[in-house]
Amino acid sequence: MNDEVINLRNVWVHYDSMPVLEDVSITVYQHDFLGIIGPNGGGKSTLLRVMLGLVKPSRGEVRVLGGDPEHNRRYIGYVPQYSLFDINFPINVRDVVLTGRAGHALFRRYTDQDKELAYNALKMVDMLPFENRQIGELSGGQRQRVFIARALAAGPKVLLLDEPAAGIDARMQTEFYELLEKLKEKMAIVIVSHDITAISIYVDTIACLNRKLFYHGSKEITPEDLMATYQCPVELIAHGVPHRVLREH
Amino acid sequence: MIEILQYGFMVNALAAASLAAIACGIIGVYVVVKRIVFISGGISHASFGGIGLGYFLGIDPVLCVIPFSIASALSIGEVSRRTKVSEDSAIGIIWTMGMAIGIMFISLTPGYAPDLFSYLFGNILTVPRSDLLIMLLLDIAIITVVYLLYKEFLAITFDEEFATVIGIPAHKLYLVLLCLIALTVVVLIRVVGVILVIALLTIPAAVSRRFTDDLRKMMVLSIFFAALFSITGLYMSYALDLPSGSTIVLVSGIVFSLLELFRHVRRNPPLSAV
Ligand SMILES: Nc1ncnc2c1ncn2[C@@H]1O[C@H](COP(=O)(O)OP(=O)(O)OP(=O)(O)O)[C@@H](O)[C@H]1O
Ligand SMILES: [Mg+2]
C-alpha cells in the first residue's frame, strides 16, 4: 500500500533495559486522524519520537514514507510536548516559524514562497499580530500556537502533535481542533492528548498506549467507557469489554 | 592618539584589535545565545597544546594552534555524543589534556620559551605582520561560513531537536560551529591569550544583547563593542604601561558591570519608592 505514511513493525524501546514500548505495530495512512491516549509514562511521547527517528528502537522497524525516518522526517510536522529552548533567545515569532522551512530551504536563502508559507501558518493559528515579538515575550499558550505554526510551515505530509492543546484556552482549542479537521484533508494527523472528550469528538481513530499499543484502526470505544474506566490499566479501559482476550497480555 | 600611530607597532595593534573584534563579535553571539561558554573555554585552553607544539617544532605557534583547537572542538562535540561521558566531563578532560600537552612540549623544547606569557595572556603590542595575515584570512573564513549558514545556525542554536527533525544535519552543523569557535580562538590568541579568550567571546555579545532582540544586529553591535573595548584597553595599556590583554578584559568587564548596574537601578526603583 503506498498511501502509508508511517509504519512501525514490532517496535521495542528500552530505557536502561526497562521496556517502555513493547512490540508496538501501527500504520498511519495518508488521511488518518489518529488520537493516542494513555496514562502518564505510558510511552506516548516516546512513540512519537520513535516515528521521528529521535529514539532508536532496540528491536523492530520504523518506516516514514517508505524510507528511513532520518531521511524522511522533514515531511513530518512535529509539535513537541516540551520545546527545549532558551526563553531569552534573540529571535522573533516570524523567524521561529520560518525555521519550519529551514529543512526544505537547506543551504539556500528563504524564498518568497517560504515566507508566504510561514505567513499563512502564522495566520492559521491567529498569531500574525505577534510576528515581531521576541519569543519569550509571549504567554505559554501563545508560544504553543507559534510552535504549531512552525510545524505547519514545513508543509508536512503528517503532523505529530504531542499534547498540543495543553495550555491553550477554550476558544482557541475549539478553533484548533477545527483547524485540524481542515488540515486532515491535506495530511495525516497523529495527536497525543489527555483531553479524551476532545479526542473522541474530533479524531477518526483512537489508539491506547500503556507500553503496549491497542489499536484496531477504529474508534470503537465510547467516551463514557473511557471516562469511567481511565483509572484502570489501559488494556482494561479500551478493550476490557469487547476484547476480554487482551487481559492475558 | 594620532601621534602614537606613527609607530608601526601601534598600527599593527589597531589592525589586530579590529580583526579580533570581527571574529569574536560574530562568533561570541553564538557562544552566548547557545550557552556554550564552558565549551568555548575548553577549546581555548586546550589550544595551548598547539602553542607548545609550535615552540617544539620551531613553527609560528599561532599556525600550530589551528589544528589543535579544531581537534579539541571536534573531540568535545563528539565525545559526549558517542560515549556515556557527560558533556562537561568531556570538556574538563580535553581542557586540561590540551594544557598538559602544551606544557610538556615546552619543557621538551631546549632553551627557554620567549614570550610564552603573551600567548597565555595576550600582547597586542607585539603582533607580527604574518599573524595579522592569518587573522585576516580566518576572519574571511568565519564571515563566509556564517553568511552561508546563517539560517541553519539560527535553527540549530534556537532549537537543536526541532532542527534535527526538520531535516537539518544539526549535529554536523554544530561541529562546524564549534570549529568556528576554534578559529576565533586562534584569531584572539595574540590579543588576549588563550586564558582570557573567553572574555572577548562573551562580554561584547552579552553587552549587545541588552540593546537588541535581533541576532544580526547583536553581531554588528558586538563587533562594535569588542573593537571599542580592545582599542580602549590598548590605549590605556600603552599610556599607563599595563599588560594589554588584561587591560582589555578589565575594560570590557567594567563596562559590562556598569551597564548591568545602571539597568538594575533603572528597572527596580528603591524600596522606599514602592
Ligand atoms: N530519556 C529517558 N531516559 C530514561 N527513561 C525515559 C526517558 N524518557 C522517557 N523515559 C521513561 O519512558 C516512559 C515513557 O515516557 P513518555 O515520555 O513516552 O511517556 P508519556 O506517555 O509521553 O507520558 P506523559 O503523559 O506524562 O507525557 C516513562 O516511564 C519514562 O520514565
Ligand atoms: Mg509525553
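Of the 142 residues in the largest nonpolar core, which touch the most other members? Leu180(A) and Ile27(B) do. This is a predicted model, where local features need pLDDT of at least 70 and side-chain atom pairs count only at pLDDT 80 or more, while totals for chains, interfaces and linings use all residues. Residues are numbered from 1 along each chain as its sequence is written, chains are lettered from A in the order in which they are written, and side-chain values use heavy atoms, leaving out hydrogens and water.

View 1. A core here is a set of buried (under 20% relative accessible area, 1.4 Å probe, protein chains only) Ala, Val, Leu, Ile, Met, Phe, Trp, Tyr and Cys residues joined through side-chain atoms within 4.5 Å. A second, separate core has 31 residues, among them Leu21(A) and Ile36(A).

**View 2. Around Leu180(A).** Skipping residues up to four places away in sequence, Leu180(A) touches (heavy atoms within 4.5 Å) Phe33(A), Leu159(A), Leu161(A), Ile189(A) and Ile191(A).

**View 3. Where β8 meets β9 in chain A.** Strand β8 (residues 205-210) runs antiparallel to β9(A), joined by 3 bridges. Here Cys208(A) sits opposite Phe214(A).

Methods:
Two strands pair if DSSP finds at least two bridges between them. Helices (H or I, at least four residues) and strands (E, at least two) are DSSP runs, numbered from the N terminus. Buried means under 20% relative accessible area, exposed over 50%, partly exposed in between (1.4 Å probe, protein chains only).
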